[in-house]
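The sequence and the structure are shown first.

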Amino acid sequence: MIELIGISKRYMLGGVEYPALSDVSLSIKRNDFLALTGASGSGKSTMMNIIGCLDSPTEGRYTLDGEEVAGLDEDQLASVRNRKIGFVFQNFYLMPRMTALDNVAQPLIYRGIGFAKWCAHAEVAL
Ligand SMILES: Nc1ncnc2c1ncn2[C@@H]1O[C@H](COP(=O)(O)OP(=O)(O)O)[C@@H](O)[C@H]1O
Ligand SMILES: [Mg+2]
């Protein structure tokens, strides 16, 4: 469950605050499937960065699976991403010097689970 309440995001540009999102509230339930659409510059990427825990809002509350994530620091956001969020990008972003298995296992390795376990999980995933 994704719950955004009164989310705002302002970027600082040369000492001037630029509002990219203003007071956005949105609720996404388990198994919902939705698309964010809008003109270029309307704030889609800013919104996805916040929902994906890559960036924090300037204001508002964001609870992901009941956990408040709006005020987390970068390390805490990385931990939430590792456990709860999957991204599918237009490019694969594979690491070329690593095997396919190691690429797939990367999030599990970061999570600190043992070799035998991540190996088995990654093989099944592949
Ligand atoms: N890192 C940033 N610093 C300053 N302004 C930004 C930054 N990222 C986006 N913006 C501005 O915020 C607005 C929303 O951008 P963005 O979220 O990228 O929109 P979209 O993905 O819908 O094209 C745009 O006006 C953009 O110029
Ligand atoms: Mg964009």
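## Overall organisation

Residues 24 or more positions apart account for 42% of the contacts in the protein chain with a separation of 6 or more; two residues are in contact if their C-beta atoms, placed from the backbone, lie within 7 Å. This is a predicted model, in which local features need pLDDT of at least 70 and side-chain atom pairs count only at pLDDT 80 or more, while totals for chains, interfaces and linings use all residues. Residues are numbered from 1 along each chain as its sequence is written, and chains are lettered from A and ligands numbered from 1 in the order in which they are written.

The C-alpha trace of the protein chain spans about 50 × 30 × 30 Å along its principal axes. The chain is divided into domain 1 (2-84) and domain 2 (88-126), with bounds that come from an automatic or database domain assignment. The C-alpha centres of domain 1 and domain 2 are 26 Å apart. Of the 126 residues of the chain, 11% count as buried. A residue is buried if 20 or more other C-beta atoms lie within 10 Å of its own, exposed if 12 or fewer, and partly exposed in between, with C-beta atoms placed from the backbone.

## Secondary structure and sheet

The protein chain has four helices and four strands, which follow the order β-β-α-β-β-α-α-α from the N terminus. Helices (H or I, at least four residues) and strands (E, at least two) are DSSP runs, numbered from the N terminus. The four strands form an open antiparallel sheet in the order 2-1-3-4, where two strands pair if DSSP finds at least two bridges between them. Strand 2 (16-28) and strand 4 (67-68) stand at the edges with a single partner strand each, so one side of each is left without a neighbour in the sheet.

Strand 1 and strand 2 are joined in the antiparallel sense by nine bridges, and Leu4 stands opposite Leu26 in strand 2. These two strands form a hairpin with two residues between them, and Gly14 in the turn has a positive phi of about 55 degrees. Strand 2 is hardly covered, with one buried residue among its 13. Strand 3 and strand 4 pair over two bridges, again antiparallel, and Leu64 stands opposite Glu67 in strand 4.

The largest nonpolar core consists of nine residues: Leu4, Ile7, Leu21, Met47, Ile50, Cys53, Tyr62, Leu64 and Val69. Strand 1 (2-13), helix 1 (44-51) and strand 3 (59-64) each give two or more residues to this core. Such a core is a set of buried Ala, Val, Leu, Ile, Met, Phe, Trp, Tyr and Cys residues joined through C-beta atoms within 7 Å. Beyond its neighbours within four places in sequence, Tyr62 is in contact with Leu4, Ile7, Ile50, Pro57, Val69 and Ala70.

Pro57 lies in the loop between helix 1 and strand 3. Pro57 is buried, with 22 other C-beta atoms within 10 Å. Pro57 and Lys9 are 48 residues apart in sequence, yet their C-alpha atoms are 5.0 Å apart in space.

## Surroundings of ligand 1

The residues around ligand 1 are Tyr11, Leu13, Tyr18, Ala20, Gly38, Ser40, Gly41, Ser42, Gly43, Lys44, Ser45 and Thr46, a residue being near a molecule if its C-beta atom, placed from the backbone, lies within 6 Å of it. Strand 1, strand 2 and helix 1 each give two or more residues to this shell, and helix 1 gives the most, with three.
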